[in-house]
Amino acid sequence: MEGMKETVEESLREMRETFASGRTRSLKWRKAQIGAIYEMVKDNEDKICSALFQDLGKHSTEAFRDELGVVLRSATVAINSLDKWAVPKHSNLPLLFYPAKGKVISEPYGTVLVLSSWNFPISLSLDPLIGAIAAGNTVLLKSSELSPNASAFLAKTIPAYLDTKAIKVIEGGPDVATILLQHQWDKIFFTGSPKIGRIIMAAAAQHLTPVTLELGGKCPTIVDHHTISKNIKSVVKRIAGGKWGSCSGQACISVDYVLIEKSYASSLIDMLKPTIKSFFGENPKESGCLSKIATKQHVQRLSRLLNDPRVQASIVHGGSIDEEKLYVEPTILLDPPLDSEIMNEEIFGPILPIITVRDIQESIGIIKTKPKPLAIYAFTNDENLKTRILSETSSGSVTFNDVMIQYMCDALPFGGVGESGIGRYHGKYSFDCFSHEKAIMEGSLGMDLDARYPPWNNFKLTFIRLAFREAYFKLILLMLGLKR
Amino acid sequence: MAAKKMFGAADASILVTDLRRSFDDGVTRGYEWRVTQLQKLLIICDNHEPEIVAALRDDLGKPELESSVYEVSLLRNSIKLALKQLKNWMAPEKAKTSLTTFPASAEIVSEPFGVVLVISAWNYPFLLSIDPVIGAISAGNAVVLKPSELAPASSALLAKLMEQYLDSSAVRVVEGAVTETTALLEQKWDKIFYTGSSKIGRVIMAAAAKHLTPVVLELGGKSPVVVDSDTDLKVTVRRIIAGKWGCNNGQACISPDYILTTKEYAPKVIDAMKKELETFYGKNPMESKDMSRIVNSTHFDRLSKMLDEKEVSDKIVYGGEKDRENLKIAPTILLDVPLDSLIMSEEIFGPLLPILTLNNLEESFDVIRSRPKPLAAYLFTHNKKLKERFAATVSAGGIVVNDIAVHLALHTLPFGGVGESGMGAYHGKFSFDAFSHKKAVLYRSLFGDSAVRYPPYSRGKLRLLKALVDSNIFDIFKVLLGLS
């Protein structure tokens, strides 16, 4: 570990030196780097898909949709928009301050740390990286050891494409993270669990380092059968896709559990079963379209969640587990107890609890008993219900009549609240995430007012009072001696 | 009057529970409630100014003009702005959707965090208490204010007035010191807003990390003033004096801390300062009523120690008189103190002004950059290129050219620090934003689903996805029409 500590310190020293040199401030440099990320992904599609397949059994289509495509798009948007994003914002100043000028410029923080996650190891590394570079920072990326092939790819390939004095990659697990966190960074961007998020923030506090924490939670999906029954097929497909179609439920914005009125639960289940079959065939393990669980430990965790006898009793589909093959079957539960473990921690796996309520309005109450999630999904055409959801619940985001897709909308900030996180990114929000908004005010030396200076007297006090109220007419009267 | 009970962990817990209940009941969400509370704050400013001025005189010896202008008037303006703009601020912001999420509409909804904690400072006890509270209330939060115990008359008055006028089911004041603050910090808050020192800022953020509570930290630093020989010296010096001794006698977070100028120009600067200081404060500044005193003996001793240090005490070129009994130190100018002296190592926060001389002004950039990032950095010059370089390369919370401190009165500029000087910003709409969670909302239609989203994955689907990402118009039509 001594060697690792030295490596980190040497990297920090070099990145700080590079930042101080001013090289990363140039928009041209930033665009070139982001362009290089684009090229890197395009040139190495097959290698990346292969790494993702080895790490997570991810099908190349899923890999493209959720990772490569995201990065390519993010890079394109950043390159095309950077000039606009970097423009100073001019502020209007009150007349009293004329002819002073005010503006806000976005300035890079300096040397930033990006800590990525294993479930989308490419996009959760490169997307924040793009943001950090767009904002003009030097960056150290630590990829997750739980996706070793993707991590190795990044560690090997990034240096071949990007400016190694400014952008560095380090591989490793918690011990490497600990060393990194002992040092001072100008910003830390973390994607992962709330538990580790707390550790990151506590470490950041020692250096007053601002943080963005993209965490997780239980993303509920409300199904208001009354108002969407006409489109129930679409609804079921979207829910199934949102649970099993992306990294086998191991996404921070996966559908965690469904809320539906009791009388419709069984018909939902009856439609989910054939949908699962249409996605993965008779034997999902062999389909090649269902991602693997990350590690044996993760399989054991999911296994433990299912082992609760009350939860076992609620299984209406699936339930089989093959630890060797890192496989958990797409599983549906009907009304596992609300106090069971599976209903109190983020599932992060291919198990879908369906929680029934008497009246769909009750689902809001249930959601509120849990920590604020990253996303709330609701399938409904009832405007009242929509309003109630928006005003009575809190979450990073709310998506009506779909799941997961808010991730693709880069005009929307992507981030959590409460247990699901602090800060946000995507699109311009990525640029802002890694920028300090510096206020610049320029006064004029020409116009000086005596009233600004001691010794104080009543005249000056009145003058300043009126000035603050922007009572310009009265001010003029005062100055002309016509006002007491 | 009943003896003050010790406010401990249990009290803090009950307090937060009470306020959370009020928040969950929706007390603070409505526009009317927020407006009413803001109007009450305005009444406090309008009807109780003499008491506020008296409390500030007790606590700080603050001259009436400073109290009236820098505390009450600024607050009045802040409240009026919020009243005028609140409807706009509360309105959802439309966001652009893209082809990948078509058909959809998106918006960003501002939502209160919930129950928030505002910890204020002693130097501008009314301004720094009520201004953040204005932001918290505008954004619809329930709020607990803890004023500083080092300004006890102000703290007591704040507690009394806020209890008298505001809705105590959602707005409370807790007076106290370390014990009370610690008890408060153990609770889970939805946001913490702290004004004070970097040292305590770390403590606050570490406590917040336990609950993943986002924070705004308004800290301080050594705000440098660079004085170019190409300037209007009289105006420059008057503004520096007014910004330093005229703002709570140097005890302000954006006080000009030290001056950087050339060896050649320094004597002129010193002469001009001496002259203007006498104009402002007379031949016996210790007798002047136009400056605040030092807040207490702890700070007096701290400043005294700075002045008495070997190799510093002989650098005094003006002032230096001390009166511990009356907590007064004369406006003091020092020339070329050692860079590693106490006075150059920590934020002065008092009436001492070191002037450091350089061979040429360019060196000032390196001096500033070698130190922690301050809350403000000032430059006086007519030289356009110098202004541009300064604004672009000096990192600070805010940059002010040709004036001192006024930027904090401008509601159109974000006011906050970076690095050691803090994180987050407020004033004007930035206050509303500081206390709001920006929730992303996506409205999707159930029509127009595309099989390319779902397993089983195929090469064909992959091609379509790529086309979507590349925005190939022909392939997109196929995708949109649900053909695959």
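Seven salt bridges are found across the interface of chain B and chain A, a salt bridge being a side-chain nitrogen of Lys or Arg within 4 Å of a carboxyl oxygen of Asp or Glu. This is a predicted model, in which local features need pLDDT of at least 70 and side-chain atom pairs count only at pLDDT 80 or more, while totals for chains, interfaces and linings use all residues. Residues are numbered from 1 along each chain as its sequence is written, chains are lettered from A in the order in which they are written, and side-chain values use heavy atoms, without hydrogens and water.

**The interface**

- In chain B, 103 residues are in contact (heavy atoms within 4.5 Å) with 106 residues of chain A.
- The two chains bury about 8,500 Å² between them, with 61% of it on carbon and sulfur atoms; buried area is the accessible area (1.4 Å probe) that two parts lose on being put together, summed over both.
- B:Leu212, B:Leu446 and B:Tyr457 supply 11% of the area that chain B buries against chain A, more than any other three residues.
- B:Arg239 forms a salt bridge with A:Asp448, at 3.1 Å from N to O.

**Chain B as a whole**

- Chain B has 16 helices and 18 strands, which are DSSP runs numbered from the N terminus (helices: H or I, at least four residues; strands: E, at least two).
- Of the 484 residues in chain B, 62% are buried; buried means under 20% relative accessible area, exposed over 50%, and partly exposed in between (1.4 Å probe, protein chains only).
- The C-alpha trace of chain B spans about 85 × 65 × 35 Å along its principal axes.

**Salt bridges within a chain**

- The whole structure holds 56 salt bridges over all chains.
- In chain A, A:Lys5 and A:Glu9 form a salt bridge with their closest N and O atoms 3.5 Å apart. Both residues lie in helix 1 (residues 2-21), four residues apart, about one turn of the helix.
- B:Glu149 pairs with B:Lys146 in a salt bridge, again with closest N and O atoms 3.5 Å apart. B:Glu149 is partly exposed at 33% relative accessible area, whereas B:Lys146 is buried at 3%.
- B:Arg302 and B:Glu346 form a salt bridge with closest N and O atoms 4.0 Å apart. B:Arg302 lies in helix 11 (residues 297-308) and B:Glu346 in the loop between strand 13 (332-335) and strand 14 (352-358), so the pair ties together parts that are 44 residues apart in sequence.
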